[in-house]
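Student: I would like to learn to read a model feature by feature. Can you take me through one?

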Amino acid sequence: MGTYLMLGTGVFWILTYILLIKRGFEDQTYGMPLVALCANLSWEFIFSFIHPHQPPQLQINIVWLMLDFMW
């Protein structure tokens with residue numbers, strides 16, 4: 001059950017990131033406040049490389065980190 005919950009939330013957050021990036025390009029502005037982006041980068045870097053989670057959350061965190069760099 002926990003794995004499905006991680007996968008479900010991971011997929012929906014990835015969809016949220018993609019939609020924020022799309023909206024940012026459409027509006028030619030940022031889709032996320034800078035403070036929130038910095039917090040996300042910190043969180044995802046720490047829990048991807050310094051204190052990594054167990055799979056599948058580790059892979060989800062890495063995808064989130066890559067999407068953060070697309071801003």
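The dialogue below goes through helix packing, salt bridges, backbone geometry and aromatic pairs.

Tutor: One caution before the features. This is a predicted model.

Student: Let us take the helices. At what angle do the axes of helix 1 and helix 3 cross?

Tutor: Roughly 5 degrees. Helix 1 spans residues 2-27 and helix 3 spans residues 57-68. Their axes come within 10 Å.

Student: How do I turn that angle into a word?

Tutor: Use the cut-off: angles under 35 degrees count as roughly parallel. Helix 1 and helix 3 are therefore roughly parallel to each other.

Student: Which residues of helix 1 and helix 3 make the contact?

Tutor: Helix 1 brings Met6, Leu7, Thr9, Gly10, Trp13, Ile14, Tyr17 and Ile21. From helix 3 come Gln57, Ile60, Val63, Trp64, Leu67 and Asp68.

Student: What classes of residue does the contact of helix 1 with helix 3 have?

Tutor: There are 10 nonpolar residues, three polar and one charged.

Student: Now charges. How many salt bridges does the structure hold?

Tutor: Two. The test is distance: a side-chain nitrogen of Lys or Arg within 4 Å of a carboxyl oxygen of Asp or Glu. Lys22 and Glu26 meet this way, at 2.5 Å from N to O. Arg23 and Asp27 form a salt bridge too, with their closest N and O atoms 2.8 Å apart.

Student: Where do Lys22 and Glu26 lie?

Tutor: Both are in helix 1, four residues apart, about one turn of the helix. Asp27 and Arg23 also both lie in helix 1, four residues apart, again about one turn.

Student: Why does Lys22 count as partly exposed?

Tutor: Partly exposed sits between buried, under 20%, and exposed, over 50%. Lys22 has 46% relative accessibility, so it counts as partly exposed. Asp27, at 42%, counts as partly exposed as well.

Student: On to the backbone. Which peptide bond is cis, from Pro55 onward?

Tutor: The one from Pro55 to Pro56, with omega near 5 degrees. Pro56 is placed in the loop between helix 2 (34-50) and helix 3.

Student: Is Gln28 buried or exposed?

Tutor: Exposed. The relative accessible area of Gln28 is 75%.

Student: Last topic: the rings. What describes a pair of aromatic rings?

Tutor: The distance of the centres and the angle of the planes. Here the count comes to three aromatic pairs. One of them joins Trp43 and Phe47, at 4.5 Å centre to centre, with 50 degrees between the planes.

Student: What is that arrangement of Trp43 and Phe47 called?

Tutor: Tilted. Planes under 30 degrees apart count as stacked and over 60 as edge-to-face, with tilted for the rest. Trp43 and Phe47 are four residues apart in helix 2, so about one helical turn separates them. Trp43 counts as partly exposed at 48% relative accessibility. Phe47 counts as partly exposed at 22%.

Student: What are the values for Phe45 and Phe49?

Tutor: Phe45 and Phe49 form a tilted pair, 5.3 Å centre to centre, with 50 degrees between the planes. They are four residues apart in helix 2, so they too are separated by about one helical turn. Phe45 is partly exposed at 42% relative accessibility. Phe49 is partly exposed at 49%.

Technical notes: Residues numbered from 1 in each chain as written. Predicted model: local features only at pLDDT ≥ 70, side-chain atom pairs only at ≥ 80, totals over all residues. Heavy atoms only, no water. Axes fitted to C-alpha atoms, helices over the stretch in contact; angles between N-to-C directions. Helix = DSSP H or I, 4+ residues; strand = E, 2+ residues; numbered from the N terminus. Parallel < 35°, antiparallel > 145°, perpendicular 65-115°, else oblique. Contact = heavy atoms within 4.5 Å. Nonpolar A, V, L, I, M, F, W, Y, C, P; charged D, E, K, R; others polar. Buried < 20%, exposed > 50% of the residue type's maximum accessible area, 1.4 Å probe, protein only. Phe/Tyr/Trp six-rings, centres within 6.5 Å; stacked < 30°, edge-to-face > 60°.
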